[in-house]
Amino acid sequence: MSQSFIKRDLKSDFRELSQELFKKLEPNEHLGLFLIGEDTDFMRFSQSKVGQTGHVSDRQVQLTWLKGESTYKKVEARVTISGHVAADLKLLETEIARMRTESAAMPVDPYATLPPVEASEGSEQIETGKLPEFNQAIDEIFKNFSGLDAAGIFSSGMMARGFSHSLGLFHWFSTELFQVDYSLYTQSRRASKHSYSGTCWDSSAFQSQVLKARSQLAVLERDPMRLKPGSYRTYLAPDSVHAFIEMFSWGVVGERSIRKSDSPFKWLRTNEKEFSPKFSLSEDFKKCVQPRFNDQGGLAPETLSIVNKGRLEETLVSARSASEFGLESTLTPSGYASVRSNGANAAETLRAPCISAGDLKSSQILSGLGEGLYLSQLHYLNWSDRLHGRITGMTRFACFWVSGGQIVAPIENLRFDDTLFRIFGSELIDFTQETEHFSNPSTYDYRQIGALNVPGLLLKEMAFTL
Amino acid sequence: MSSLKELLNESLNKIPASERPEWVMLREMRDRDQTWSMRDAHPDQSSVVDTRGFFVEVLAQGKRAYATVPAMGFAEWGSQATAALTQAIEKATSRARYTAKVNLFNETIEMQPIALGAYRTHALSHADSAKWLSLSDLYAMLAQATEAAKVSPNVLDASALFRRVDTEILMASTHGTEVEQFTTSLQGSVSVTAQGFGQCQARNAFFDLQGGPETVQSFQWVTEAKRIGEEAVELLTAEECPTGVMDILLSPDQMMLQIHESIGHPLELDRILGDERNYAGWSFVQLEDIGKLQYGSSLLNCTFDPTQANELASYAFDDQGTPAKKEFLIRAGVLERVLGGSISQLRALQPGVANSRTSLWSRPAIDRMANLNLEPGDSSFNEMIASIERGVWMQTNRSWSIDDFRNKFQFSGEYGKLIEKGKITRTVRNPSYRGVSTSFWRNLKKVGNLSTTNTHGLFNCGKGEPNQVIRVGHRSPACVFSGVEVFGGSS
């Protein structure tokens, strides 16, 4: 059974399932279905040997059921389905019947809305690739890791997302993606972190990456330096910048958080604070390929400028926030009121974040740093004071002390505690010219689709506390 | 129960004997997770997440491998289930055979636990659903709580949530395991955000327990909502937590994160063995520390206890079929035992506990915390306060961060009270502290008695590759720690 046959079956099955369910809706009922599908090979490894390995097939449908004419009662359910249409139809009909019964007991949700349902906003995006066969992946991965202590996970397979609505909307996205997310360890328990991901497996590209990573291990074996808490000139490699950008999805860029007054972006909105004019953050679905549609049928623009040269331009606005805060609304062709958000998901999190590159050449990073910290990767960031943009976290993989523009030694781990307004503001010297692409490795609940694209960042100083 | 065993046998029998794996376990898991919430007296969420399927695990040539089949049990699917499961066994067997040459640990059939039995959440009759609140009463109760929290115009946002997770796990293996476990896990919370005076502060009150209707009704929704509304407003004009090295008194709802991050995770044996290095991290604990390491002061007694009836991670067997019982992990401050399931124990040649658990039908079992508790001591709350010359009493965790070896941490609470010369004086906001696990626990100065103890839990402990988020329980008294670096928020 070829990959393309699987994808075609899944899409047409999803469409068929949706249409059958739509036929059974009662007056003034609206139904949206969001499909999550994957067929994934997983292989977890440690000490360059296979730990847990297996294959996960998963199919889930999220139902969003609304009843009403201009205001609605809303009930949601996400249900595992088998992939066999007849059996799944019965299962979902039972679930909808329960939702219908439950709605009788609940009050109207004043902020529930229908998705924008112009048919022209339907979409289809099918990304095909050339994935390695499982056995081939095993052979190549462990051949390249020979003699190394490698830990990590290989994941590979098809992922699909679909959205279908009773008012006529249909979106489809599928991709074939592999990822080798791994770290290499020295005898002294220090490590560097790497990821090889994409849609087309290239044996020589993977081999080159591992060779380069292998050659960098020697410096990790040097005796580590223990630094005192204090402020240090710092270079944040792209993976470290990545860690900060992920924090923007935690109550920062969402309109609701700003209106609730616990987002540090509220200071940007009132012009009481600003970022460096060198900092521009956007959502860019051309660079970070993934579905533009969300689980409620909203469609994000291809690009959305959030911070432009240090100033706040847009926030992420879900349909619910647009409704709650009285933002722009429109009537659909069918005559139902629909609020137009900017396609953000319900949690108003970044899905395709990109930071604009700067002028710092890779060859000039160490000389530009001079004396200070080179931080390849950070760990376990959390807010110490979210309202003021203060974040704490730890240094982790491949972090070094640099002196005279040369890497001297790895460092013992350090805790930092500093603010977004310093890191992307007053202390920002420049971003690198080169950016790095990171595929989302998260597999909580199901394998996630997503990516971000960020450069490295040179700072005048960053505060370390422990 | 015989139907799962029969299904396993029927599926396996379709494979020629020479091609079968040496051992197969079939696990059917269903998790029905329902959440209802109100925000400012309007419905915010009414959702169900119903995940289920079969997890097939095989042993072939000493290698374990798995494959999954999504959705519904045999009763709903009929003979199609057999065909799908046969394919899954074949796929898993093929994976196992090919990776046996690079196997991390060679397993045998004799290593696999054999378990027979059942478990059901204590004091909950599944047949007596009439005692649960009706949906309309539930919505009314949640709305009332959000209204009660709005004690002043400074309260911007108030929400109330009730969540119920019903989990069924059935397991059957080719060499005799037959287990069924049914749990009902409940979460209730009231949350408030207050704004004013250039500040924004949040307060939460919650419960996270296994239980039944009585659990929901015993939580004082309106009283708690009012209390946290008042406290959130109070925080707006409170002074910042002072900076300095001093004693701290931690309430159980802050202790739970302290225990979780700086005892639970570092003691997970798969972490100690290095399996989590690429994601969740390693541990400062090494195998040679077991039985020797002075983890904390002599007041520190920490147990793995699956027998607490209402705690989130109580069960009779772990998800590999090992019978679960209470064990001391740390006794009088000395590390005695670590959190490792049957296979990790064999790899490390160390005793462990029944903690091999999965969070989802499509994930393999890995070493997890379950119920990880600090045993009560002798000190009353008043004695603990009186013992502090200058310090801060911190309640309700709001921020947590720790390094990948589980040593350097930083935590923050929502609400603090200054303690001066043995008396509680005034409220402080953004109470925070940082430290190093090994020295922090050795500075455990006082452990509260049973009257200071409370049972909490977390629904979202994350680790593993592929990732898993699981429920854990933490029962703890209030505790005093000396010589801790304390600080407040930004001005």
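# A tour of the interface and two sites in chain A

Begin by selecting B:Arg95 and A:Asp41, whose side chains form a salt bridge with an N to O distance of 2.3 Å. The model on display is predicted. This pair belongs to the boundary between chain A and chain B, where the rule finds 9 salt bridges.

**The two sides of the interface**

Next, display the residues of each chain that contact the other: 91 residues of chain A meet 95 residues of chain B. Together the two chains bury an area of about 7700 Å², and carbon and sulfur atoms give 49% of that area. Now highlight A:Arg44, A:Arg189 and A:Tyr444, which supply 10% of the area that chain A buries against chain B, more than any other three residues.

**A strand pairing between chains**

Select strand E3 of chain A (residues 72–80) together with strand E2 of chain B (residues 42–60). These strands run parallel and are joined by 4 bridges. Within the selection, A:Ala77 is found opposite B:Val48.

**Around A:Val180**

Move to strand E6 of chain A, residues 170–185, and pick out A:Val180. Is this residue, A:Val180, buried or exposed? A:Val180 has a relative accessible area of 0% and is therefore buried. Leaving aside residues up to four places away in sequence, its contacts include A:Phe45, A:Ile141, A:Ile153, A:Phe154, A:Trp201 and A:Phe206. A:His194, A:Ser195 and A:Tyr196 are also among the residues that A:Val180 touches.

Finally, select strand E17 of chain A, residues 390–395. Because 6 of its 6 residues are buried, strand E17 of chain A is largely enclosed by the rest of the structure.

Show strand E16 of chain A (residues 378–385), which runs antiparallel to E17(A) and is joined to it by 5 bridges. Here A:His379 has A:Met394 as its bridge partner. The hairpin of these strands has 4 residues between them, and A:Gly389 adopts a positive phi near 70 degrees.

Strand E20 of chain A (residues 415–419) also pairs with E17(A), in the antiparallel sense and over 5 bridges. To locate this pairing, select A:Ile391 and its bridge partner A:Asp418.

Note on methods: Residues are numbered from 1 along each chain as its sequence is written. Chains are lettered from A and ligands numbered from 1 in the order in which they are written. This is a predicted model: local features need pLDDT of at least 70, side-chain atom pairs count only at pLDDT 80 or more; totals for chains, interfaces and linings use all residues. Side-chain values use heavy atoms; hydrogens and water are left out. Contact means heavy atoms within 4.5 Å. Buried area is the accessible area (1.4 Å probe) that two parts lose on being put together, summed over both. A salt bridge is a side-chain nitrogen of Lys or Arg within 4 Å of a carboxyl oxygen of Asp or Glu. Two strands pair if DSSP finds at least two bridges between them. Helices (H or I, at least four residues) and strands (E, at least two) are DSSP runs, numbered from the N terminus. Buried means under 20% relative accessible area, exposed over 50%, partly exposed in between (1.4 Å probe, protein chains only).
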